[in-house]
Amino acid sequence: MPQAATAATPSDVPSPSWRVNGKVSAVLVVGQTVYVGGRFTTATSPGGESVGRRNLAAFDVDTGALRRDFIADAGSTVQTLASDGAALYVGGHFGRIRGVTRSRLAKVSLTTGAVDPAFRADANGGVLGLDVRDGWLYVGGDFSTIGGVSRQRVSKVFASTGAVDGGFVGRADSKVTSVVKHPTQDVLYVAGNFTSAGGAPRTGVAAVSSWTGAAGPQTYQSSVRPVLDLALNDDGSMLFGALAAGSNSATAWDSATGMRRWRQTTMGDVQAIDHHGGQVYFGFHDGFQDDTRLKLLVADARTGVVDDAFRPTFDYFWGVWAIDATATGVVAGGEFTSVSGVPAQGFVRFTGGTAPPPVVQQTYVDGSGASWTYWDRGSLDPGWQGPTFDDAGWRVGAAEFGYGDGDEATVVGWGPSATSKYITTYVRTRFDVTTVPDSLVVSMVVDDGAVVYLNGVEAVRDNMPAGAVTGTTRAATFRDGQAERALRSFTLDPALLVPGTNTLAIEVHQASSSSSDVSLDADLVGTYTP
């Protein structure tokens with residue numbers, strides 16, 4: 001379906017703000033206030049004034065100034081925050097907050113930080129994820145009891161009192177780091193380090209009934225453990241995950257089917273993710289595409305294409321651990337002291353930016369959702385790329401195509417010899433165009449090289465030599481590690497499209513006939529002014 005242009009991307013130079021003297025694990029914007037939780041003891045102004053604030057503080061969202069009336073010092077680390085607009089829910093590892101005994105979960109005033117005496121839901125292990133909706137608070141963590149009731153790492157309590165819902169028996173076999181309720185459906189998405197959730201085998205991500213806690217039928221393609229954070233788009237049709245454990249990627253799935261739509265791979269764990277206005281912000285450590293200064297990026301929610309206009313730089317390895325993206329801008333928390341050359345310790349505010357022009361975006365080919373035909377039985381003669389070619393004898397599959405990595409939707413063959421494999425694999429798909437777009441982009445995961453054709457005409461090459469290409473032409477270089485998982489985008493000539501049915505054809509080439517793996521995934525997206 002077409003989609004309107006995304007929200008304005010903020011400036012990647014942050015606004016000056018107060019700072020805190022430690023790691024921030026949670027940020028949440030409510031109205032004109034940003035709440036910051038983590039492990040710190042003071043808040044300090046740009047001018048050097050220090051005020052005691054222990055593990056939880058509030059700041060003006062426009063100026064970054066400390067909200068002095070809000071005091072809710074916690075006895076230990078604050079890991080997660082949630083709000084229904086009437087109160088602030090705080091989870092972590094603390095035993096007291098504002099001098100009141102509360103074990104790892106509390107409800108406090110948004111304006112003063114005073115603890116709500118009517119709410120009590122003590123947990124015997126860390127509370128790591130919260131979401132509140134429709135009078136219910138959903139809780140994830142590393143506990144086995146909450147409110148005196150046995151619950152294995154995920155629970156549902158009344159938002160008013162903390163009383164445990166007896167009908168919801170959520171369970172996971174290892175810690176739960178994030179919980180997100182679907183905006184309209186009776187589904188709760190949970191993420192963590194588990195291999196079982198809701199009574200079924202699930203790796204890192206699960207969709208469970210928000211009434212019973214039982215696992216739904218969907219599994220999430222290429223998920224890993226742990227998944228550190230989750231977010232949904234506005235209508236709940238897309239689920240976004242922050243993947244760690246070597247996968248190191250921001251990943252988008254169809255929430256209903258679990259089919260992966262795109263991924264962006266980073267150099268270290270993706271630790272935080274959030275969605276706003278058709279954009280997905282993701283934070284990570286180490287770096288991105290060999291730039292170790294990058295720890296926070298934004299991608300188009302439908303395509304995964306990274307916006308190169310937003311590339312703030314950070315001075316510490318561990319980078320970003322928390323994100324809240326809203327209409328007023330983006331707040332990020334983590335471990336750093338300077339962002340894009342501006343002093344910013346613990347948390348940072350990005351505001352401003354220019355709204356993009358009004359355009360319509362059309363996904364013509366969704367790699368994992370499209371129906372492809374493929375040929376994995378040796379070299380083909382010229383002509384296979386064209387729209388009139390008869391591919392009725394080809395096999396049918398879904399992207400990602402490949403072998404050797406374990407994350408393929410379609411495993412292709414390599415021929416009769418493991419030491420002398422076919423160099424080239426071929427794929428084709430057809431799609432309809434009503435309005436020829438003003439711009440056209442193909443985004444691909446390719447290991448090692450590829451040539452892309454539209455309606456039989458070569459449109460772009462990725463990591464391929466110049467000159468004529470045959471089925472035995474090797475890719476220009478080897479790709480391994482992050483390079484073989486990276487999503488790369490290429491601009492194509494939209495004049496290659498015609499109104500009506502079109503053909504996208506891609507050949508993926510190995511750099512060696514003894515290569516252990518091959519990968520190919522592709523999306524084709526156009527934009528036009530209505």
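A pocket is an open set of points on a 1 Å grid over the protein atoms alone, with protein on both sides within 12 Å along at least five of seven lines, while a cavity is a set where a 1.4 Å probe fits but cannot get out. Volume is the space filled by probe spheres set on the points, which are joined across faces, edges and corners.

This is a predicted model, where local features need pLDDT of at least 70, side-chain atom pairs count only at pLDDT 80 or more, and totals for chains, interfaces and linings use all residues. Residues are numbered from 1 along each chain as its sequence is written, and side-chain values use heavy atoms, without hydrogens and water.

**View 1. The largest pocket has a volume of about 1400 Å³.** Its lining (residues with an atom within 4 Å of a point) counts 50 residues, and Leu81, Leu130, Asp229, Leu230 and Ile323 are the closest to the centre. Strands are DSSP runs of E, at least two residues, numbered from the N terminus; β3 gives the most to this lining, seven residues.

**View 2. The largest cavity has a volume of about 60 Å³.** Among its lining residues are Arg260, Trp262, Leu487 and Asp521. β26 (260–265), β41 (439–447) and β46 (518–528) each give two or more residues, and the largest share, four residues, comes from β26.

**View 3. The second largest cavity has a volume of about 50 Å³.** Look here for Asp376, Tyr403, Gly413, Trp414, Tyr422, Thr424, Thr425, Gln510 and Val518, which line the second largest cavity.
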